[in-house]
Amino acid sequence: MKPRPFSMKDKLGYTLGDLGCCFTEQYRAMYLSIFYTLILQVNPFHVGILMLITKLWDAINDPLIGALVDSRRAGKGGKFIPWIRWFSFPMSVLCILGFVNVGNLDYGFRIAYMFITYVLYEALYTCVSVPFGTLSSVMTDDARHRTALSRYRSLGGTIFMTVIVMVGPLFLYVDNQPVAGRFLMLASICALLGLLCLQITCVWCKERVAVPERPQGQKFNYLHVLKEISKNKALLGVMFFSLTGMIGASIVNGLNTYLYKDYFGDVRIQAVSGMLSVLYALISFAITQPLANKLGKKEWCCWGAGFAAAVFAVLFFVPLHNPVLFIVINGVCYLGASGMQVLIWAMVNDAIDYHELQTGERNEGIVYSSYSFFRKLASAVSGSLSSFVLGIIGYNVTTGAVQTEAVTNAIWKSYTGIYVVGYGVAVAILFFVYPLTKQKTEEMLAELKVRRGAIKE
């Protein structure tokens with residue numbers, strides 16, 4: 001049966017899919033290293049090494065999963081949706097197991113448990129995230145619809161971050177100290193809600209774009225596809241742009257709790273930032289598509305993220321001790337950088353089409369997973385670097401310890417300086433490497449529509 005026309009139901013379904021992924025992945029990204037450090041009492045350097053090793057393997061695993069997805073022909077349930085439907089169940093279980101308090105075990109057993117649960121979760125998450133990310137490229141081939149999907153996808157992450165930033169500090173801490181059982185309880189809630197959202201996505205989202213299938217019996221040439229990908233300037237631009245920008249943003253997010261807890265002196269202030277972020281998120285959601293339609297995706301990302309980097313360059317030299325003023329300034333910068341976060345998925349879809357334009361082949365899974373490889377690489381580097389930064393500046397992980405003035409000042413310098421370098425380099429890469437301006441994107445999509453029409457005839 002021909003699927004129903006693209007509608008708001010698809011947008012909401014895709015929003016819920018991203019929200020479902022964020023319920024487990026972003027909760028872990030925000031609180032797992034804190035759980036390891038403050039609850040399990042593991043040395044920050046050891047946490048950093050663990051995350052670096054496991055994330056690097058996870059990144060390498062992404063293209064392999066992408067190749068498996070591409071090698072599977074579309075069935076009755078579609079090509080990508082069945083992966084999301086079935087692998088979301090074990091993924092949720094592993095998310096919960098990651099927050100079990102094993103602090104009473106010997107140090108070596110703690111490290112082993114952390115390693116096993118981390119690797120298994122990330123492998124299962126890849127089996128969900130790669131098909132989900134690729135799904136939008138076959139839901140529609142309309143440029144405005146794709147921008148809308150990218151925009152609505154970002155809304156899922158925004159909803160989660162808004163709620164968790166408000167709820168997390170208030171629920172997980174008592175008298176400014178973390179409580180082990182509450183980390184596990186919140187992980188269980190997030191896992192179950194994430195599973196529900198992903199199952200709804202599988203029902204509401206439809207695969208519509210009829211793309212060329214690999215002839216029956218023709219083997220998938222993994223090395224050939226990788227060689228072709230290495231010539232895809234659009235994908236390379238998105239990869240390195242995302243890599244540097246994510247490293248900066250992720251390290252900053254990793255230091256966020258410590259900034260409020262130790263520099264400003266009260267982790268509960270972070271909840272105020274979460275409440276205000278609702279307003280900023282709504283503004284960002286409203287302005288991103290009109291600006292992208294008018295200026296172009298590449299153009300808006302360069303202007304907005306460049307502005308945010310310039311503001312934080314000033315803050316590096318002019319420290320603020322008023323948390324409310326910092327929250328307001330940080331929110332304004334978020335509006336500038338939000339285009340970079342919201343539109344990245346639409347740019348990845350454009351890179352998938354650019355690959356088809358160059359090669360005549362459609363390899364959504366491996367192209368998307370190659371991009372995902374760089375996201376995981378950025379996550380690995382940034383996750384471990386935030387722990388290394390704490391170790392380098394001499395952060396005291398002893399329960400109830402009060403940090404020295406030198407350490408708190410170093411947290412501020414690290415927070416602002418890394419923000420500037422990460423976003424500044426990302427903007428430069430996007431400007432000089434990524435080739436798809438607004439005009440070139442429109443020309444590419446028009447050409448592909450003509451080619452696909454010729455194949456059908």
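Mentor: Start with Tyr27. Leaving out residues up to four places away in sequence, Tyr27 touches Cys22, Leu32, Phe99, Phe160, Ile164, Leu172, Arg182, Phe183, Leu186, Ala187 and Cys190. Contact here means heavy atoms within 4.5 Å.

A word on the source. This is a predicted model, where local features need pLDDT of at least 70, side-chain atom pairs count only at pLDDT 80 or more, and totals for chains, interfaces and linings use all residues. Residues are numbered from 1 along each chain as its sequence is written, and side-chain values use heavy atoms, with hydrogens and water left out.

Now step back to the core. The largest nonpolar core has 102 residues. Tyr27, Tyr31, Tyr36, Phe183 and Phe326 have the most contacts inside it. Such a core is a set of buried Ala, Val, Leu, Ile, Met, Phe, Trp, Tyr and Cys residues joined through side-chain atoms within 4.5 Å. Buried means under 20% relative accessible area, exposed over 50%, and partly exposed in between, with a 1.4 Å probe and protein chains only. Helix α8 (residues 233–263) gives this core its largest share, 15 residues. Helices are DSSP runs of H or I, at least four residues, and strands are runs of E, at least two, numbered from the N terminus. Another core lies apart, with 27 residues, including Cys21, Ile81, Tyr121 and Cys202.

Next, the rings. Rings of Phe, Tyr and Trp (its six-membered ring) pair if their centres lie within 6.5 Å; planes under 30 degrees apart are stacked, over 60 edge-to-face, the rest tilted. That rule gives 23 aromatic pairs. One of them joins Phe35 and Tyr36, tilted, at 6.5 Å centre to centre and 55 degrees between the planes. Phe35 is buried at 0% relative accessible area. Tyr36 is buried too, at 1%. Phe431 and Phe432 are edge-to-face because their planes stand at 85 degrees, with centres 4.9 Å apart. Both Phe431 and Phe432 are exposed. Ring pairs also link a cluster: Tyr260, Tyr263, Phe264, Phe312, Phe326, Trp412, Tyr415, Tyr419 and Tyr423. Phe326 is also on the core's list of residues with the most contacts.

Charges meet rings as well. The charged end of Arg28 sits over the ring of Tyr121, 3.9 Å from its centre. That of Lys298 sits over the ring of Phe431, at 5.9 Å. The rule: NZ of Lys or CZ of Arg within 6 Å of the ring centre and within 35 degrees of the ring normal.
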